[in-house]
Amino acid sequence: VSRRNNTGLNSCYDLNSFLWTINRDPPNIVYFELDLTDPFTISALTSCQLLPQGENLQDVLPRDIYRRLKRHLEYVKLMMPSWMTPDQRGKGLYADYLFNAIAGNWERKRPVWVMLMVNSLTEADIKTRGVPVLDLYLAQEAERMRKRTGAVEKVEEQCHPLNGLNFSQVIFALNQTLLQQESLRAGSLQVPYTTEDLIRHYNCGDLNSIIFNHDTSQVPNFNNVTLPPSEQVTAQEIDTYFRQELIYKRNERMGRRVKALLEEHPDKSFFFAFGAGWC
């Protein structure tokens, strides 16, 4: 096994890499976490985020949190035109379309998925919309090059851990996420890191940086010294749960499946593309 670094950056204090190669011929099979080009996968991902038939978010959330959530989404919709870049507008992206694509069905979503949605509805995130996420881009390239593709995970293996939080934990997480966003709006809280920071740390292979330590699969960090002791316990329980379910257990499961594929096809070459949290 060899590790390559192709960043070409001189700004890294300790240069590492998230790109590893196993010395074989150029890959003819490409594997991802999930196959994002498969319509069934996208449909299943959408379905797992929804409340049971006939239920709406207003039915399950405390009234105050629902009102704050609605108010925040109205603010995001109002601000979105000013957040978009000239390049996005040049590509024909409209703010209303973008908002509906991200949050159009929010009242039917489970609270935990609404929490993740709110956490990503920031100016920095909106400015990156319209460009395929890296795994989707690579999947599209694999299709274009007529490579065989596959996935090492099932949709339910990504969905069930998030849907497995108990109701009080989800309400706590959603409330903390709203508080963070409300503080950002009021100017009393600064964004902890920018997209450029994230790219720089990724290029440097800095997995131990504060960015990756505090970012568990896009789940916001709730540990805060200003919280009362009882809430600090809840925050720690959520953080531990997510790290166990979304990082450690997934690492082990995905590692077993990668190993099995390599052993089953010793004459084949593979390209595996997984998120940097999987390592």
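Residues are classed as buried under 20% relative accessible area, exposed over 50% and partly exposed in between, with a 1.4 Å probe and protein chains only. The structure is a predicted model, in which local features need pLDDT of at least 70 and side-chain atom pairs count only at pLDDT 80 or more, whereas totals for chains, interfaces and linings use all residues. Residues are numbered from 1 along each chain as its sequence is written, and side-chain values use heavy atoms, with hydrogens and water left out.

Across the whole structure, 7 aromatic pairs were found. Rings of Phe, Tyr and Trp (its six-membered ring) are paired if their centres lie within 6.5 Å; planes under 30 degrees apart are stacked, those over 60 edge-to-face and the rest tilted. Tyr31 and Phe270 form a tilted pair, with 6.0 Å centre to centre and 50 degrees between the planes. This pair links distant parts of the chain, as Tyr31 lies in strand β3 (residues 29–32) and Phe270 in strand β5 (residues 270–273), 239 residues apart. Helices (H or I, at least four residues) and strands (E, at least two) are DSSP runs numbered from the N terminus. Both Tyr31 and Phe270 are buried. Together with Phe272 and Phe274, Tyr31 and Phe270 form one aromatic cluster.

The structure holds 1 disulfide, found by a search of the whole model; the criterion is a pair of cysteine sulfur atoms within 2.5 Å. The disulfide joins Cys48 to Cys159, with an S to S distance of 1.9 Å. It links distant parts of the chain: Cys48 belongs to helix α1 (residues 39–48) and Cys159 to helix α9 (residues 155–163), 111 residues apart. The torsion about the S-S bond of Cys48 and Cys159 is about -55 degrees, so the disulfide is left-handed. Cys48 is buried at a relative accessible area of 15%, and Cys159 is buried at 1%.

Asn175 is located in helix α10 (residues 167–186). Not counting residues up to four places away in sequence, Asn175 touches Ile65 and Arg68 (contact: heavy atoms within 4.5 Å).

Arg146 occupies the loop between α8 (134–144) and β4 (148–151). Although Arg146 is not a glycine, its phi is positive, at about 60 degrees. Most residues other than glycine have a negative phi. Arg146 is exposed, with a relative accessible area of 78%.
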